[in-house]
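I opened the notebook to look up a few things in this structure.

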Amino acid sequence: MSNRHDAYRPMAALATSSVGSSATYSTGAANSQTRFLRVSAVGAAGSSIYFSLVDSAVTSATGAQLPLNTVEVLKCNPGERLYLRSDSTTCIANVAEMTD
């Protein structure tokens with residue numbers, strides 16, 4: 001039996017913030033029971049958000065791409081932060097903590 005699933009228990013919003021291209025945005029540290037982060041973003045057509053759990057200076061060259069109007073669920077460890085940056089225009093990102 002696989003331990004993979006697509007049903008998670010929402011815990012709390014970790015961040016809802018404007019994310020621009022001039023500086024990296026960092027969420028707060030995930031709490032001790034957080035095992036997943038749900039990330040979504042909205043903004044101008046054709047823009048993207050780049051994210052990383054390890055690189056605080058995330059760019060389009062070092063981060064994974066999250067196209068706008070999509071949702072990504074990331075596996076994380078308690079205490080980790082998510083770093084976000086937009087490729088061009090300011091976007092709004094929402095990050096929620098989730099557990100099994």
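**Entry 1: a pair across two strands.** I looked up V42 and found I92 in β8 as its bridge partner. The model is predicted, so I note the limits: local features need pLDDT of at least 70, side-chain atom pairs count only at pLDDT 80 or more, and totals for chains, interfaces and linings use all residues. Residues are numbered from 1 along each chain as its sequence is written, and side-chain values use heavy atoms, with hydrogens and water left out.

I then checked the strands themselves. β3 covers residues 36–42 and β8 covers residues 91–99. They run antiparallel, and seven bridges join them. V39 stands opposite V95 in β8. For my own use: strands are DSSP runs (E, at least two residues), numbered from the N terminus. Two strands pair if DSSP finds at least two bridges between them.

**Entry 2: the sheet.** Which order do the four strands take? I read it as β1-β8-β3-β6, an open sheet with antiparallel pairing. The edge strands are β1 (9–19) and β6 (71–75), and each pairs on one side only. From one strand to the next, the twist averages 20°. I note that axes are lines fitted to C-alpha atoms, and angles run from 0 to 180 degrees between N-to-C directions.

β1 and β8 pair over nine bridges in the antiparallel sense. There I found V19 opposite C91 in β8.

**Entry 3: burial of β8.** Is β8 enclosed or open? Seven of its nine residues are buried, so β8 is largely enclosed by the rest of the structure. Buried means under 20% relative accessible area, exposed means over 50%, and partly exposed lies in between (1.4 Å probe, protein chains only). C91 has 0% relative accessibility, so it counts as buried.

**Entry 4: the core.** I looked up the largest nonpolar core and counted 17 residues. V39, I49, L82, L84 and V95 have the most contacts inside it. β1, β3, β4 (48–52) and β8 each give two or more residues to this core. A nonpolar core is a set of buried Ala, Val, Leu, Ile, Met, Phe, Trp, Tyr and Cys residues joined through side-chain atoms within 4.5 Å. In soluble globular proteins, nonpolar side chains tend to be buried together.

**Entry 5: cysteines.** How many disulfides are there? The count comes to zero, taking a disulfide as a pair of cysteine sulfur atoms within 2.5 Å. C76 is at 2% relative accessibility, so C76 counts as buried.

**Entry 6: two threonines.** T34 is in the loop between β2 (25–26) and β3. T34 is buried, with a relative accessible area of 0%. Its side chain makes a polar contact with the side chain of E97 at 2.9 Å. A polar contact is a pair of N or O atoms within 3.5 Å; within protein, one must be able to donate a hydrogen and the other to accept it, and residues adjacent in sequence count only if both atoms are side-chain atoms.

T89 sits in the loop between β7 (83–86) and β8. At 32% relative accessibility, T89 counts as partly exposed. A polar contact of 3.0 Å joins its side chain to that of S47.
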